[in-house]
Amino acid sequence: MTDDPGLMTVLLAMFAGAIRVSTPFLFVSLGEMLTEKSGRINLGLEGTLVFGAMSGYAISYHTGSPWLGVLVAGICGSAFGALHGYLCKLPRVNDIAIGISLMLFGTGLAFFFGKAYIQPSAPRLPAISFGAWSDHPGIRQALEINPLFLLGLALAVFLWWALKNTRYGLIIRTTGDSAPAALALGVNVNKVRLLSTMAGGFFAGIGGSFLSLYYPGSWTEGLSSGQGLMAVALVIFARWNPLACFWAALLFGAAGALGPALQSIGISRGYHFFNAAPYILTLLIMIVSTSPRRSLKGAPGELSITK
Amino acid sequence: MSKFEISRRSLLQSSAAGLTLLSSAGLSRLAHASNLTVGIVYVGPRDDFGWNQAHAVAASALKEVPGVTVVEEENVPETIAVQKSMESMINLDGANMIFATSFGYYKPFVLDLAAKYTDVEFRHAAPLWTDADPKNAGSYFGYLDQAHYVDGVAAGLSTTSNKLGFVAAKPIGTVLRNINSFLLGARKVNPDATVQVIFTGEWSMPVREAEAANALVDAGCDVLTCHVDGPKVVIETAESRGIKCCGHNASQAPLAPNGFITGAEYKWETIYKMFAADLGAGEPLPNFTGGGFDVDFVQSTPYGAGATEKAIAAADAARADVKAGKPIFVGPINKQDGSPLLAAGASFDNYEPSLDQTDYLIEGVTGSIT
């Protein structure tokens, strides 16, 4: 600590930032992963995230219970997922176009209903302190962990296990890899995709409620800075693997903390570059992970972008 | 498809109806020539606890003035969209005065429209107007650095670590000037005080603002202030980390019931009412209006629970001094790179024009512009 306080501060800040900032990335990317595993892309999760943030905040304000807010945000998210799932079932409907329109719809609707909730303060989610063993205030602060983060971690592990080892996991994977094969097995492809998209929307809504109810912890119209869209790139980076989604979310969180952390120890030249770190990372991932010779490893075969 | 075709007859009918409507609208405008319609464009939501709210509070005060109608539009981006908003206010709502409240509205949008609609008065909320610009355009501005200086005095007496944190949006002149004045206020009462700045690069970016505020607290700052559009996140983060804070733009006192000291607020109301009165009386409007405490264009937020007796006394005295014209920038002051800005004994007037173009931070501020 005494040798190089600057480096330690930055590393600690990135560690803390990774935990604080990653949760929305984690939930949205898990939701998107599940949807894509079933063979559809839902680009509307950015709108779901923003609407989840608004509805969670509103419910928490009216009922005084932030956890109820989280639940309602999830339910609203699954409603958006259901809309996406239903519309994409119709013949010759493009899931990407529907996703983009739902993104705009969700954001606009959230702004419309959210007007009344910019001013009031709603009760926020509590944090659990894991840092009592340390007398370093920075470490203590970093280990103030929100239960949703732990829930996201558990969800990632569960999805990883369930997709691999359960009957339902197999059905989702089959639907995503080959719809004719799933049909031959007697699986209702549209129903599986509808339910997967709804579950994905539920997760994205929860990710949104984290933004408004914990960190940064208030509802404003500029709350999301594209987390919902970046999470889509993150799924590709994570190769549709839930555990990798978790690590990728942490990486994106840490990248977001890099700019402010470097400035706080006095390395402030080129802060625009460091502030752009998450976006540069997204771009690099896209470049590195594509190849003209093969489709992406691990990509579900039914996805309209890989077909 | 044939049912969507417009027959010649129905086209004629509808355009005749349109013409009648237009001419009657024109008549009613003439009939109420003494009435003033003011159009106000905001870049964000009107209740953002910040820049837009400060303008909206003033707009609602303006609505109380008899004979004045206010039309507002919020969330207008700094693109061609603002030009469309302003044009529709002029053409549809009959606005004869436009307040464009965001920095990026001026060039080229306000300038273009001012040249096009010469009978409409345009005023823009940043000190950007020059003699070369249209005469029916202009700038109005509150010198908020005076209020940040008073904040600095209170903050300098409130810190124990002597490290003050400043979350700033973009390194433009007004922001840099506020940072410098905040430090000068703190240094006046506490020569050991330093100010650490983190730039977020955007006017509104809540997650990064929260990260910046946390990073400053982790670096040992125990008083935070900011210059971003909506200070809600910074103030709430400071409060939740158990440190003190000073506000910006509008009152954030309710957000920090324990740590709020005071804040730097605009009082646009004074300017808006002044313009409305001038137009109502048929007098020409000034092209460049600016001022601070002396003309009631800026104000300090009432003290919160974080303000100590000593800080209140010193801040009150500092405000009285600035109001009386005592300079904020008193030498010796060096720029960050060590080059002298003011020699010992020299000083800048509080409205020194070169301060409008501030492109430097002064010694005692940690953080880089580039």
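Let us begin with Pro332(B), which lies in the loop between α10 (309-323) and β13 (333-334) of chain B. This is a predicted model, and I shall speak about backbone geometry in it. The peptide bond that joins Gly331(B) to Pro332(B) is cis, with omega about 0°.

Chain B holds another such case. From Lys107(B) to Pro108(B) the peptide bond is again cis, and its omega is near 0°. Where is Pro108(B) placed? Its place is in helix α4 of chain B, residues 106-116. As background, most peptide bonds are trans, and most residues other than glycine have a negative phi.

Phe49(B) is not a glycine, yet its phi is positive, near 60°. On the chain, Phe49(B) is found in the loop between β1 (36-41) and α2 (51-63) of chain B. Is Phe49(B) buried or exposed? There are 27 C-beta neighbours inside 10 Å, and because the cut-off for a buried residue is 20 or more, Phe49(B) counts as buried.

Turning to chain A, Arg239(A) also has a positive phi, of about 55°, although it is not a glycine. Arg239(A) sits in the loop between α10 (227-237) and α11 (242-264) of chain A. How many C-beta neighbours does Arg239(A) have inside 10 Å? The number is 15. A residue is exposed at 12 or fewer and buried at 20 or more, so Arg239(A) counts as partly exposed.

Key:
Residues are numbered from 1 along each chain as its sequence is written. Chains are lettered from A and ligands numbered from 1 in the order in which they are written. This is a predicted model: local features need pLDDT of at least 70, side-chain atom pairs count only at pLDDT 80 or more; totals for chains, interfaces and linings use all residues. Helices (H or I, at least four residues) and strands (E, at least two) are DSSP runs, numbered from the N terminus.
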